[in-house]
Amino acid sequence: MSKPRLVVIGNGMAGVRTIEELLKIRPDHYRITIFGAEPHPNYNRILLSPVLAGEMSTQEIVLNELDWYRDNGIELHTGRQIVTIDRVARKVIADDGFAAEYDRLLIATGSTPFMLPVPGNDLPGVVGYRDLKDTDEMIDAARRYSHAVVIGGGLLGLEAANGLKLRGMDVTVVHLGAWLLERQLDERAGRMLQKSLEERGLKFLLEKQTEALIKGESGRVAAIRLQDGVQLAADLVVMAAGIRPNYALAEAAGIYCKRGIVVNDTMQTYDPKVYAVGECVSHRGIAYGLVAPLFEQAKVAANHLADYGIARYTGSVTSTKLKVTGIDLFSAGEYMGGQDAEEIVLNDPAGGVYKKLVIRDDKLIGSVLYGDTADGPWYFQLLKDRRDIHDIRDSLIFGQSLVGDVGHAGNSRAAGLAESAEVCGCNGVSKGTIIKGIKENGLFTLDEVKRHTKAASSCGSCAGLVEQILASTIGGAYTPASSDTKPVCACTELPHKLVRETIRDQHLTSKEAVFAFMEWKTPDGCEKCRPAVNYYLISTWPDEARDDPQSRFINERAHANIQKDGTFSVVPRMWGGLTTPAELRAIADAAEKYQVPTVKLTGGQRIDLLGIRKEDLPRIWADLNAAGMVSGHAYGKSIRTVKTCVGAEHCRFGTQMAMDMGIKLERMLFDMYAPHKVKLAVSGCPRNCAEAGIKDVGVIGVDSGYELYVGGNGGIKTEVAQFLCKVKHDEEVMAYSGAFLQLYREEGWYLERTCHFLARVGLDYVKRRVVADDPGRQALHARLLDSLKNARDPWQTSRTGDAVRQFVPLRVEA
Amino acid sequence: MSNWKRICQLDEIPRLGSRVVQGTKSGDIALFRTAADQVFALHDKCPHKSGPLSQGIVHGERVSCPLHGWNIRLDDGQAVAPDVGSCRSFAVSVRDGEVFLAV
Ligand code: SRM
Ligand SMILES: Cc1cc2nc3c(=O)[nH]c(=O)nc-3n(C[C@H](O)[C@H](O)[C@H](O)COP(=O)(O)OP(=O)(O)OC[C@H]3O[C@@H](n4cnc5c(N)ncnc54)[C@H](O)[C@@H]3O)c2cc1C
Ligand code: SF4
Ligand code: FES
């Protein structure tokens, strides 16, 4: 069955965006044909202003090159204007007679400049300002003539005037209104704008109406006459007095139009086969003239063209900026105000700053910013969110920095949150609870807030937000600690960096020596610093420092994960995710023998036996050991899993032996402890079925070898692994990944995953140490292998001797 | 009233560690040994959500619960502020390297 045909009239911003959205969600659904009256592929119309001003080239503003159409199988007809829509025969007909049939039709014909109905409006040298042709004509005129008149002091007119002035013309703007941009600005701001444009050499005639355009000897326009009789020389007249939705074609085809093609919330016209988007459309009585709403329409139209049928367009609040370099102007929403609206105005003519906020029912409904537009997006967000602003009304006009935080990279979400909004999802703590905790207990640090409110004390992903709330609650009393200088815990003032370096430089090999030398405030640390210090000791002095089980979290001490009810889980290692019938049989037997309540496949390609009593652990391990299985370290700040895909061993696309490579890596890293857990993956080809892109080390087989990626994370905050280098052989995969992991083991801070480590030291540093420096890499790899030379299966070693004691309960003697 | 029972030798509890005592009328009891060889006994149920305190990390005269990190004082079973709660404590005595528990 052949695909249905989709025809698009209008190769502009809204039409092509709709197709892009459609291809994203349902790429192969239609045979697509696009007609554009202009001889160009789709370009960014907005940027015609910088092109006119000489700040950008025509080539730079092309959005979709011809290749794009070809690659997506789209039949493009540029320079062909559609003159008829035959809805009965379901076809469109172009000016040259070319016809195309459709199953669905999308009309996106945009709008046309409004040409004042005055004598001479069709003379050569009179242009609208809409497309590349107009722009070229204006640039050409600027080269040959000197006098330009722009009719209309709106956004478009001012951008045109500015561009022509920059191209050396003598430019006068004739404007009907009493001040410039009278639809966006009040009189004061309008005058300020006028003044700064006059300083750039532009001339203005306000409250003037055009009577006629006068022909010169050459037949080209030569002057403009105003109603008050004044006459100005004009070799170029730009009409920027407004736009008219371009719907004549649709109307002629009998599609219902009313100051635009009327569409419903699904962007469908009165003919169910015909959709329309863009400036040609009238939606709920509004025709938009800015791209943001048109792009929203495009998304909705695409959704329905794809037959998904779930999206609705309900209208947009819009904001605009004047694109004249050096002049900052921003306006949004109902900037005009109105009867029941209040206004907050800040006016500093000397400083060149003007701000107006329009408020109704304690909500911001519009804003105009001139001279300082930094807070524009924030106001726009408040406006779109219909946020109640009565509590921040006092300082609203001064901007986000006074209301929100103390400038955390300028993006405070905290200010915008409602009191009842949940901040910490793990512990169900709301913003209100946090603020209450801070105020009642006089909290000043993130740590204190964590302890008192429990917010950010579990997964920690909300820590940044909690910090912002703290900052906005206590204001200047708050000084954020940077992680370089944050103390390890309350037992010391020293940060991780210094503790690590001191252990190395002073050759400290026991926790007692560390606490004494660095003058710990507590006799034997706490649950936060002890595991960190223990890790630093054994990773820095693998042959000298003795591991201290009592400084390890229970999971690492018991070689199993503790559960909420105090039982444990057992995860045997399955090298590279492979297993055998014999292993499965042994697991099944053990599960029955110890009455394991839950047997589950983990996300790490192996099997989890959950709900085992602690005293049974040594016995079940013994059974599994007997079948040749060892600990999977599913509990440790250690090597976890090496996921693999089936690779070239079986897969028709595989380029490398992914399973084999994965097993080799997992064996090399067996029993490796690290600042945090470490996960790897090996995929046999770039289809990447093993998800190597979100692993601490990701290996992707390609025809010529392997690509290595580092620092990925699929947990709390997904981080895509970064490309480290390409290698040829299996041995190099082992050497480079080993060296990277050893660098992390030696220089990472406790509980820092590779992604955090990488963010701190930078990819360049890692490349320098691991890729560029051959002897350095070899040495790192050698140190890794050396520290793993005594790797033992912890299940085996914990089953006997003193080590087994912890699993054996004491009994009260009768 | 209380009834002293011999439990084990001091050496059978690791320093900064603990052992679980089963079979008492009061359920599981956690025996802790500090760095200074003091021994304490608490009901092996955290006041928060009943986590097994015996599995926590011992530091100073406190244990931090393995499940959500509350700190509990070993001598009286009180949660360390800002957390609030208490867990039952039991009398312990150490004589000649032998540990006795009053249950
Ligand atoms: C068993 C398993 C879930 C499952 O049934 O599939 C699991 C279970 C736990 N995960 Fe996980 N994670 C498991 C795969 C994952 C994965 C997926 C993967 O490995 O492909 C991820 C995301 C990938 C990643 O780590 O980048 C994952 C991200 C986390 C995180 C967030 C780590 C991060 O850096 O953002 C934690 C918290 C932590 O480690 O601090 C966590 C912590 C935990 C702990 C250990 C929580 C704890 O401390 O008690 C869970 C133990 C549950 C229990 O009661 O035994 N688990 N966890 C998976 C074991 C895989 C294995 O075979 O070893
Ligand atoms: C100089 C300038 C600056 C602007 N600056 C901004 C700005 O800063 N911010 C902002 O949001 N918006 C700005 N705009 C407005 C923005 O460009 C438009 O809102 C947007 O391009 C409208 O998209 P559209 O697809 O509806 O129409 P268009 O992009 O105009 O596309 C319509 C296309 O259809 C073609 N067409 C029409 N009829 C037919 C037919 N019968 N057969 C075949 N083809 C046909 C036209 O030739 C045109 O190529 C600016 C506009 C201009 C002119
Ligand atoms: S990643 Fe490649 S080799 Fe592996 S299963 Fe997918 S397609 Fe096959
Ligand atoms: S059960 Fe002990 S802290 Fe939650």
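The legends below describe close-up views of a predicted model.

**Figure 1. The contact between chain B and chain A.** This view shows where the two chains touch, with 34 residues from chain B and 30 residues from chain A taking part. The size of an interface is often given as the accessible area lost when the parts come together. For chain B and chain A, the buried area is about 2,600 Å². Carbon and sulfur atoms give 54% of that area.

**Figure 2. Polar contacts and a salt bridge between the chains.** Across the interface of chain B and chain A there are 15 residue pairs in polar contact, counting pairs with both residues at pLDDT 80 or more. One salt bridge is found across this interface. Its partners are the side chains of B:D83 and A:K454, with 2.8 Å from N to O. On chain B, strands β1 (4–9), β2 (17–22) and β5 (57–59) each supply at least two residues of the side that touches chain A. The largest share comes from β2(B), which gives five residues. Sorted by class, the side of chain B that touches chain A has 15 nonpolar, twelve polar and seven charged residues.

**Figure 3. A strand pair made across the two chains.** Strand β37 of chain A covers residues 810–811. This strand pairs with β2(B) in the parallel sense, over two bridges. Within the pair, A:L810 stands opposite B:V21.

Figure 4. Most residues other than glycine have a negative phi, and most peptide bonds are trans. The bond from B:A81 to B:P82 is cis, and its omega is near 5°. B:P82 is placed in the loop between β7 (71–73) and β8 (89–90) of chain B.

**Figure 5. The surroundings of ligand 2.** Ligand 2 is surrounded by 33 residues, of which the closest are A:A14, A:E38, A:R130, A:E279 and A:K323. A polar backbone atom of A:M13 is 3.2 Å from an oxygen atom of ligand 2. A backbone N or O atom of A:V291 lies 2.9 Å from an oxygen atom of this ligand.

Figure 6. The residues around ligand 3 include the cysteines A:C645, A:C651, A:C685 and A:C689. Also around ligand 3 are A:V646, A:G647, A:F653, A:G654, A:G684, A:R687 and A:N688. By class, this shell has six nonpolar, four polar and one charged residues.

**Figure 7. The hairpin of β4 and β5 in chain A.** Strands β4 (residues 82–86) and β5 (residues 91–94) run antiparallel and are joined by four bridges. A:I85 stands opposite A:V92 in β5(A). The two strands form a hairpin with four residues between them. A:R90, in the loop between β4 and β5 of chain A, has a positive phi of about 50° although it is not a glycine.

**Figure 8. Two hairpins that share β14 of chain A.** Strand β13 (residues 210–215) is joined to β14 (residues 221–226) by five bridges, and the two run antiparallel. A:T210 stands opposite A:L226 in β14(A). There are five residues between these strands, and A:G219 in the turn has a positive phi of about 95°. β14(A) is also joined by three bridges to β15 (residues 231–233), again in an antiparallel arrangement. Here A:R225 stands opposite A:Q231 in β15(A). The hairpin of β14(A) and β15(A) has four residues between the strands, and A:G229 takes a positive phi near 90°.

Definitions and conventions: Residues are numbered from 1 along each chain as its sequence is written. Chains are lettered from A and ligands numbered from 1 in the order in which they are written. This is a predicted model: local features need pLDDT of at least 70, side-chain atom pairs count only at pLDDT 80 or more; totals for chains, interfaces and linings use all residues. Side-chain values use heavy atoms; hydrogens and water are left out. Contact means heavy atoms within 4.5 Å. Buried area is the accessible area (1.4 Å probe) that two parts lose on being put together, summed over both. A salt bridge is a side-chain nitrogen of Lys or Arg within 4 Å of a carboxyl oxygen of Asp or Glu. A polar contact is a pair of N or O atoms within 3.5 Å; within protein, one must be able to donate a hydrogen and the other to accept it, and residues adjacent in sequence count only if both atoms are side-chain atoms. Ala, Val, Leu, Ile, Met, Phe, Trp, Tyr, Cys and Pro count as nonpolar, Asp, Glu, Lys and Arg as charged, and the others, Gly among them, as polar. Two strands pair if DSSP finds at least two bridges between them. A residue is near a molecule or strand if one of its heavy atoms lies within 4 Å of it.
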